[in-house]
Amino acid sequence: MKRRLSRDKDGGSSSCVELMEVCKRARCPSENSGDLPSDWAWLPQEILLCIFQYLPLLDRAFAAQVCHGWNQAFHMPELWRCFEFELTQPASSYLKATHPDLIKQIIKKHSNHLQYVSFKVDSSTESAEAACDILSQLVNCSLKTLGLISTARPSFMELPKSHFISALTVVFVNSKSLSSLKIDDTPVDDPSLKVLVANNSDTLKLLKMSSCPHVSPAGILCVADQCHGLRELALNYHLLSDELLIALSSEKHVHLEHLRIDVVSENPGQQFHSIKKSSWDAMVRHSPKFNLVMYFFLYEDEFGPFFREEIPVTHLYFGRSVSKDVLGRVGMNCPRLVELVVCANGLRPLDEELIRIAERCKHLSAIGLGECEVSCSAFVEFVKMCGRRLSQLSIMEEVLIPDHKYGLDEIHWEVSKHLGRVWFPDMMPTW
Amino acid sequence: MAPNSIHWFRRGLRLHDNPALQEAVRGAGTVRCVYFLDPWFAGSSNLGVNRWRFLLQCLDDLDSNLRKLNSRLFVIRGQPANVFPPGDAAIKKLAMEAGVEVIVKISHTLYNLDKIIELNGGQPPLTYKRFQTLISRMDPPEMPVVSSALMGCCVTPISEDHGDKYGVPSLEELGFDTEGLPSAVWPGGETEALTRIERHLERKAWVANFERPRMNANSLLASPTGLSPYLRFGCLSCRLFYFKLTDLYRKVKKTSKPPLSLYGQLLWREFFYTAATTNPRFDKMEGNPICVRIPWDRNPEALAKWAEAKTGFPWIDAIMTQLRQEGWIHHLARHAVACFLTRGDLWISWEEGMKVFEELLLDADWSVNAGSWMWLSCSSFFQQFFHCYCPVGFGRRTDPNGDFIRRYLPVLRGFPAKYIYDPWNAPDTVQAAAKCIIGVHYPKPMVNHAEASRLNIERMKQIYQQLSRYRGLGLLASVPSTHNGNGNGIAYSPGEQQPGTNTPATTVSSSTVASGNRTGSILLNFDNEENQGPSGIQQQQQRLGKTLICVSLFRLLHKGGSVTGKRDRESERDAEGEDDTLSTAHKLQRQIAEITSVHAASGNQSAMVIGYQIHIYANFMDTVNHYKSDLFFPVYFPTDELDEGHIS
């Protein structure tokens, strides 16, 4: 039952066989009594467990009212390992919250079973507060994963920092074997990360903390120095340093799999530091397969320090307008590029830049272009050079400028031919 | 004796290409053209004054054109529901019982939408490409009916006090305050529509280029060749438009087969009509089988700022001002404000934006409006969400000089082009020289766009990855791909098709028209132009998905026990005893009953989708149904982590 979440055929059929076996065994005792209701009561716990796993909580609760056996099954620890708390207020969300009584019951009866927990909070401070209250009560639990997810505005940031930190450290101190932690957009700080490291350094594998303004480069460096099993890390560019990369590529450290960096400008004209090529090189030597995902939300004139030298970036996302010059540098200095998304660019066509990217980024397999311009000929050339490895090609129709060779009606044939599959540009409704 | 007939004008406010009207007149002794006007909706708060004005102008125009034919329009004040039961079928039944023959004609769409759905295996196509493929396999639309000597020898009995009893009311009579109301940029009426279509074609012929015109600053302004409001009110027949375009193309290009792109605007309208036709919850997020559930923020203050053009982003505010003043904005402007409200910046539900458009936009059709909003908010139709229109840069690209902004936001007139899209970045001296201090005379920007779009992209990614079960790092791959050309992502699997679950045709089929015997004394004719709204569509019981069968089984068992009431008492006693699960479950049952119904409803819908070519979408929706369940686990945790959590 490895893939209980998905309902695809292979996962389903194998568990079906298992189920049949158990059913056969289960049928024997009921043959004497014969009537249907007792059949259901005889259903072994292991089958019930299998079924219950597929049911939404509410339906499990209904089922628990059928008989004592099913009611007992409702409480099996296996069913309470994963839980997602949804904390919303009617005034700020359209979605329903996890019922307070259920939360109470979980804390009372199942907190020691919880292992994989996430909190989804809406934009209200009350919801973030409620999440912290629950966290502080999880004293006897041992979580493996914890995700704090703001589904609308980042409401954890509006909490008093001390309140948030004390709730979070309850989990850090009690869990001892935390392996995944997603705490983006929260007021987590350096001392709390120290607590995390002191209690969970052997087990921590994943840490996502984009946009946590109270963490300093030294704070994250402490995590990288101590948690040698760390395989995935997400943070903002201001926390990235040569020291951090060196620490992550130390001999004691396992291979890094993903590093995600958000480069966000706080105010126009901000200056950004640069990272030495030697640090990136050390990282690639240590973890040759690691993915470097970078999201840029910068004004055009803030790209100064970026892409001057070779950088092992694999996934590049430009959320705001980016200049032809920068895209030219991307073509020159990003040999490991796999995915490129450009949301906007100036009014001059990106022809040469794309051709260069096709030429030099040999692994490029996904590209998305929003408010940009490319001549149809250059685009066809680009696709021809990349060929079938382009598995994702999302280009807004307005991007393609018809020229002497291709109009909009011809281009989809030409591109489809080179891709080996039917392709169309993305369209927006004209109404 | 020649029968007396009534023509009920609903959405097709025109005399040309009006098959129902023609049918009403044919062989009839008298004809009365009626329109039901519900004055209770109007006037109370000057809401939608442009739309009401447009409607009244349409009715005025109808009346004056009917006068030329020695007839009149009968405007009946009151809700049709007071006179007739809701739903076409019910009206038909009532009429039949009264010995009245009802004739229904379709003329609001180019194609028979049921045919498109039938051709697509019983489900509306969910991508525009798929839609185009389907209609290219269909016969071209029917020609518009020619209506020379429309009235024939048919007369309309008109009483002395017709004007008092059945005249077209004025805006003032409906309670609108018209003082200082500028004249209409988009005057309503069939006559205006027919003038516009000639101008529209003249311009196209003159340009001789049938490709989509590239956007420039001028495209943002209301054009005297614009047609969308006239199509929406039915002042212009879409078939007339279609055939005039075809004729012109043939004349200019000297080729016989025009490309589909020639009819772009008309086909988009048709696409959304088709998508909505069997979906009564098309304009809702909850319970809508094609809409992704996104945890939008509920924020009335932010919504009001957007709707009232006080966002502090001149590009957005100018568009919203134009919308409120004139009732129309360019489609790219719609993209800009819709993206800003929803997935781009404010993270507010598309349903809220749709309601504002419904009130202000002259061409806001129920299905086109809802469909466009779902599209633009990436709530459906497999849209890539990576691209957020920048509320500063997008306008600047379109109109670098900022004239559009100066026109609609005179307060910013003094700003130089350099700062007009982001005046908050202008130095104090520039603000002083422009006589507009940001934060005093014009609001500061209500969000930090870079920060908001960073957060929102992340949110969309999370939602889509959860739905598509995609675990990779790519952003583009998070959205199920539509690149195999049938537009629906996953290959067609005939084995899963369920011919039995097709929703039956709800529009009265045109075959009913064929009945030639007119024995009744009154004929009630109405054009079947009512957009398929939430009412009037019957959902057929659908096969339940596997899970749902399980669920209903449990419910049945539970219900079975409680019929006597004994089971209930027992469970409550149990609850007071050693175990409190039952009581919790009971509470859950009672207090989250709404969820259950939504669950069940959307469950049915998703089952409806299963077996269709896009079963990935069914999985999609399946997940959405389980959104509230603990089965969910965030996708960003490494795979092995996830597996550890499972029972082996």
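Predicted model: local features only at pLDDT ≥ 70, side-chain atom pairs only at ≥ 80, totals over all residues.
User: Why is Arg329(A) called buried?

Analyst: Its relative accessible area is 10%. Buried means under 20%. Arg329(A) therefore counts as buried.

User: What makes Asp325(A) partly exposed?

Analyst: Asp325(A) has 48% relative accessibility. Exposed means over 50% and buried under 20%, with partly exposed in between. So Asp325(A) falls in the partly exposed class.

User: Why is the contact between Asp325(A) and Arg329(A) called a salt bridge?

Analyst: The side chains meet at 3.0 Å, N to O. The cut-off is 4 Å, between a side-chain nitrogen of Lys or Arg and a carboxyl oxygen of Asp or Glu. The pair therefore qualifies. Both residues sit in helix H13 of chain A, four residues apart, which puts about one helical turn between them.

User: How do you know that Glu173(B) and Arg77(B) form a salt bridge?

Analyst: Their N to O distance is 3.9 Å. The limit is 4 Å, so the pair counts. Glu173(B) lies in the loop between helix H7 (162-166) and helix H8 (190-207) of chain B, and Arg77(B) in strand E3 (residues 73-77) of chain B. The pair therefore ties together parts that are 96 residues apart in sequence.

User: Which exposure class does each of Glu173(B) and Arg77(B) fall in?

Analyst: Glu173(B) has 56% relative accessibility. Exposed means over 50%, so Glu173(B) is exposed. Arg77(B) has a relative accessible area of 38%. That value lies between 20% and 50%, so Arg77(B) is partly exposed.

User: What makes the pair of Arg454(B) and Asp185(A) a salt bridge, and where does each residue lie?

Analyst: The distance is 2.8 Å, N to O. The cut-off is 4 Å, so the pair qualifies. The pair crosses between chains: Arg454(B) is in helix H20 of chain B, and Asp185(A) is in the loop between strand E4 (180-182) and helix H9 (190-200) of chain A. Both residues are buried. They also belong to a network of salt bridges that links Asp185(A), Arg260(A), Asp262(A), Glu451(B), Arg454(B), Glu458(B) and Lys461(B). Over all chains, the structure holds 34 salt bridges.

User: How does the span of helix H20 of chain B compare with the expected value?

Analyst: H20(B) covers residues 449-468, which is 20 residues. Its first and last C-alpha atoms are 27 Å apart, close to the 28 Å expected at 1.5 Å a residue. Of its 20 residues, 18 are buried, so H20(B) is mostly covered. At its start, a side-chain oxygen of Asn448(B) comes within 3.2 Å of the backbone nitrogen of Ala450(B). Arg469(B) follows the helix, with a positive phi near 60 degrees.

User: Why are E1 and E13 of chain A said to stand at the edges of the sheet?

Analyst: The sheet of chain A is open, with 12 strands in parallel pairing, in the order E1-E2-E3-E4-E5-E6-E7-E8-E9-E10-E11-E13. E1 (82-87) and E13 (392-395) each have a single partner strand, so one side of each lacks a neighbour in the sheet.

User: How do you know that E11(A) and E13(A) pair?

Analyst: Pairing needs at least two bridges; E11(A) and E13(A) share four, so they pair. The sense is parallel. Ile367(A) has Leu393(A) as its bridge partner in E13(A).

User: Why is strand E10 of chain A described as largely enclosed?

Analyst: Six of the six residues of E10(A) are buried, so the rest of the structure largely encloses the strand.

How values were computed
Residues numbered from 1 in each chain as written. Chains lettered and ligands numbered in written order. Heavy atoms only, no water. Expected span 1.5 Å × (residues − 1). Buried < 20%, exposed > 50% of the residue type's maximum accessible area, 1.4 Å probe, protein only. Polar contact = N/O pair within 3.5 Å; in protein donor to acceptor, adjacent residues only side chain to side chain.
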